[in-house]
Amino acid sequence: MQYETPDGLCVVVGAVPGGCRLQQFVARNFREYLGRQSDAMHVNVRHAAAVACQRGCVLIDGQVAVGRQNLFGGEVVTLLKNSLDSLEQSDRSGSFRRGAPRMLVHMPEDTHSPGALGIPSWEGGSTSGSYPGSTHFRQYYRDLQRLLPREDWEQCEQLFMRPVPLSLRMNLSSPQHRETMCELQQTFGTRIEMVPWMKSFGGALHIAPTFSSEEASEGLRLVNMLASAGDIVVQDGLSMLAAAALDPNPGQTVLDLCSAPGSKTCQLLDALSRRASETGDLDAECSALVANDMSAERSQRTWGRARAQNCTSLIVTAADGVQFPQLVDEGFDRILVDAPCSSDGTIRKERKRLQRWKVDSALNHHALQIRLLHRGLELLKPGGRLIYSTCCLNPIECEAVVQAALDQSSSDVHLLAAEDVLPPGCPRGSPGLKSWCVPVPSEDRTGTSSDTTFKVYHSWDEVDEGNEVTCRSAIQRTMFPGRLAQQGSLSSCARFLPIHGPNFGGFFLAAFTKTRPEASDTSSTLTLPGASLGPLAPCKSKMLLTYCRESPDAFQELVNFFGLEGPSMQHLVESPD
């Protein structure tokens, strides 16, 4: 839990077995604030956290934390606001070294070739060194999965090795929208490249890197200031597609099932707030957005980014998305499932991913992705829209998940064509695949780590015939192409690669809807949070029972607020012993 005092920002440490490291805790829980102070952006603030701890900017239970290494549950960590001025001053003097943002902001003045910039060839034959996983990556996606024709893949490889420039999205709901755009144009000038298909959503832009370190530093200061004011959001251009395709309308209930770190949540907030102000309808202002993530720590990051915006009603939750409760009577009007994935489509921002790239990550994520998407479809209102997206390339995390969700859902769930939900002027990308193969996990392959030979299966029957017990525990029937894929039904999905648009990486998107059985209201209303919860397991603690006896009035208020009645209530107050 994070709260603010006159001295600074405070966070209560949760129950962590064995404790946790102070520096790591500070970097994670004060990421946004440290980034704004040190110009390190919100994704790379570990050095700023270390300096804050060393210089007495961090308190533990009101005491200076210099020399402390570990934290324990129940302690209160405070990041002092006024003390952080020293971080900014030391940064200007050059003694504080900023972490490089994952988007390219500054190029050295002596850069005259890709090699000088540290951009390697695909095999790693440059000053940047080699990337051991690049050969496997190429063979798997070019030769086995055949995501693109061979000649197109060669061009794709070259683009994958080039960093993406700084990408910003404008918040149209900000009262200072025009002034912000003018300030950005004045600061960055001709280095700005607008994203044409985001114009109706408030605008988005890429900023080409500069050769001047001072100019780059001043530009980052402006970006951090505008971001902290809620005027802009630092967001990858390709990731804006998911929220744009969801297209929420005023008065609707929206669920972002896997929201952290929050850039898409901020985009959805902006869309709902902007459209509500445009219509001037009081009912339109009753929109509600629920932003959920399984990790309470990551949910705090979402809240930290969203609270600066001029936004509609926002509820931030930390719950398992697979078991997310039915909070809305008929279902949510719009649901975004931006599922956890192997993230191998982001190597333009983090080329080191190629060093550790393996197919195992996709195999490990597959089951969770199906469960998240299936739960999202259960929570979707008839006539509503759900967007499933990942920042990966692997069909096991993309088409196979979509196919499995359709097979497991009722007949009223259908795919929408990507071109029908993407904003006008946006590239279509490649259609979903009709066929793909499933690789044997790395530990089950023969050969050395440099062996480029993949063993793959094309059907579940092949795995069964192989009688490989270890392999069967990692490979599932739902990973293989089935009837829907073979019929071309998955062609409605869209896979984006660097060749499809300027500054693109890898991204996958699928749009779902439910058939509306009959005409009904166009929006849903929130119900009591506990009204739709299933039966609860008996509580092993007597805390609620004691609370019921000691403070019956307060306990009844709690029961009424959460709608805890009947058998569920009995389970909560019963003691098994």
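Against which helices and strands do the buried residues of α13 pack? In this predicted model, the buried residues of α13 pack against the helices α12 (360-378) and α17 (483-486), and against the strands β16 (380-390), β17 (413-416), β21 (494-496) and β22 (507-514). The buried set comprises E399, A400, V401, V402, Q403, A404, A405 and L406; because eight of the 10 residues of α13 are buried, the helix is largely enclosed by the rest of the structure.

The largest nonpolar core has 68 residues, and those with the most contacts inside it are F137, W153, F332, L386, Y388, V402 and F512. Helix α13 (residues 399-408) supplies the largest share of this core, namely six residues.

A "binding site" is annotated in the unreviewed UniProt entry, where it covers C258, S259, A260, P261, G262, S263, K264, D293, D320 and D338. Of these positions, C258 lies in the loop between β12 (253-256) and α10 (263-279), and S259 lies in the loop between β12 and α10 as well. C258 counts as buried because its relative accessibility is 10%, under the 20% cut-off, and S259 is buried with a relative accessible area of 4%. When residues up to four places away in sequence are not counted, C258 touches N292, D293, L336, D338, A339, P340 and L372, whereas S259, with its neighbours within four places likewise left aside, is in contact with T265, A291, N292, D293 and T302.

Methods. Residues are numbered from 1 along each chain as its sequence is written. This is a predicted model: local features need pLDDT of at least 70, side-chain atom pairs count only at pLDDT 80 or more; totals for chains, interfaces and linings use all residues. Side-chain values use heavy atoms; hydrogens and water are left out. A nonpolar core is a set of buried Ala, Val, Leu, Ile, Met, Phe, Trp, Tyr and Cys residues joined through side-chain atoms within 4.5 Å. Buried means under 20% relative accessible area, exposed over 50%, partly exposed in between (1.4 Å probe, protein chains only). Helices (H or I, at least four residues) and strands (E, at least two) are DSSP runs, numbered from the N terminus. Contact means heavy atoms within 4.5 Å. UniProt positions are given in the numbering used here, feature names are shortened, and annotations may be inferred rather than shown by experiment.
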